[in-house]
Amino acid sequence: MKHSLTTFLLALLLGASSCTASSDKTTTGKSEQNDTETVINNIMSRRSIRKFTPQTVSRDTLDRIIECGINAPNGMNAQNYEVKVVDDPKSAAYLSENLRGLYKAPVYLFIAANDEYDMAQIDCGLLSENICLAATAYGLGTINLGMPVRSMKEKYDILDKLGFSAHYNLCLIVALGFPDEAPKAKPRNKDKVQFVKVLGK
Ligand SMILES: Cc1cc2nc3c(=O)[nH]c(=O)nc-3n(C[C@H](O)[C@H](O)[C@H](O)COP(=O)(O)O)c2cc1C
């Protein structure tokens, strides 16, 4: 009698625990699905922002975004880039007034590639995309800028003040801040990507 009662209680306990496990599994499944959708929506909703509000961005938020940036894949993890961040309001205003093609924003990230590594510009692009996606997750807007890089190369005094190390060439600027516009997605051509076979027909 004692034995059968123990067996019954054990079965009840196991049943309850398996029930808990299966309901946990369902919950985990749902939250994984939500996480996936959050990541996909973040990627698909990112747009280049050319109008920012004057609101500043906290250093804590910037630090987290930068951490995401430097966690991007990069060749041999040699981190062949340097990033100079300008969030001082006076400096940011000076830069937008003096560099052609630099939209007014509270924060600029100047990204330079090491010219001694042939893939360094790819590292910079990946770093930049991580920055842009992390910023989007915080409700911030970003834009990658190539045009002011060219105009900066004519203004050595500003470039000098950024203080990049020898062999590091400015290749990209990211402007960042709270968006003051919500542009629609520009069309993409899916034919640019094709599934191919290299063996058989
Ligand atoms: C390497 C690079 C350089 C860019 N340079 C500029 C630029 O100088 N001026 C500008 O307005 N947009 C610039 N853009 C932003 C692109 O125009 C924009 O990403 C593209 O039109 C797609 O729009 P979306 O980012 O909103 O999806 C640049 C983007 C990249 C990746």
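Select helix H2 (59-70) and helix H4 (residues 120-137). They pack at an angle of about 145 degrees, with their axes 7 Å apart. Axes here are lines fitted to C-alpha atoms, for helices over the stretch in contact, and angles run from 0 to 180 degrees between N-to-C directions. Helices (H or I, at least four residues) and strands (E, at least two) are DSSP runs, numbered from the N terminus.

This is a predicted model: local features need pLDDT of at least 70, side-chain atom pairs count only at pLDDT 80 or more, and totals for chains, interfaces and linings use all residues. Residues are numbered from 1 along each chain as its sequence is written, and side-chain values use heavy atoms, without hydrogens and water.

Now show side chains. Ile65, Cys68, Gly69 and Ile70 in H2 meet Leu127, Asn130, Ile131, Ala134 and Ala135 in H4; contact means heavy atoms within 4.5 Å.

Next, select valine 57, in the loop between helix H1 (2-45) and H2. Valine 57 is buried, at a relative accessible area of 9%; buried means under 20% (1.4 Å probe, protein chains only). Beyond its neighbours within four places in sequence, valine 57 touches residues including Val107, Leu140 and Leu176. Leucine 140 is 83 residues away in sequence, yet 8.8 Å away in space, C-alpha to C-alpha.

Move to strand E4 (residues 168-177). Nine of its 10 residues are buried, so E4 is largely enclosed by the rest of the structure. Strand E2 (residues 107-114) runs antiparallel to E4, joined by eight bridges; strands pair if DSSP finds at least two bridges between them. Find valine 107 opposite leucine 176.

Finish on strand E3 (residues 141-145), which pairs antiparallel with E4 over five bridges. There, glycine 141 stands opposite glycine 177.

Notes. Buried means under 20% relative accessible area, exposed over 50%, partly exposed in between (1.4 Å probe, protein chains only).
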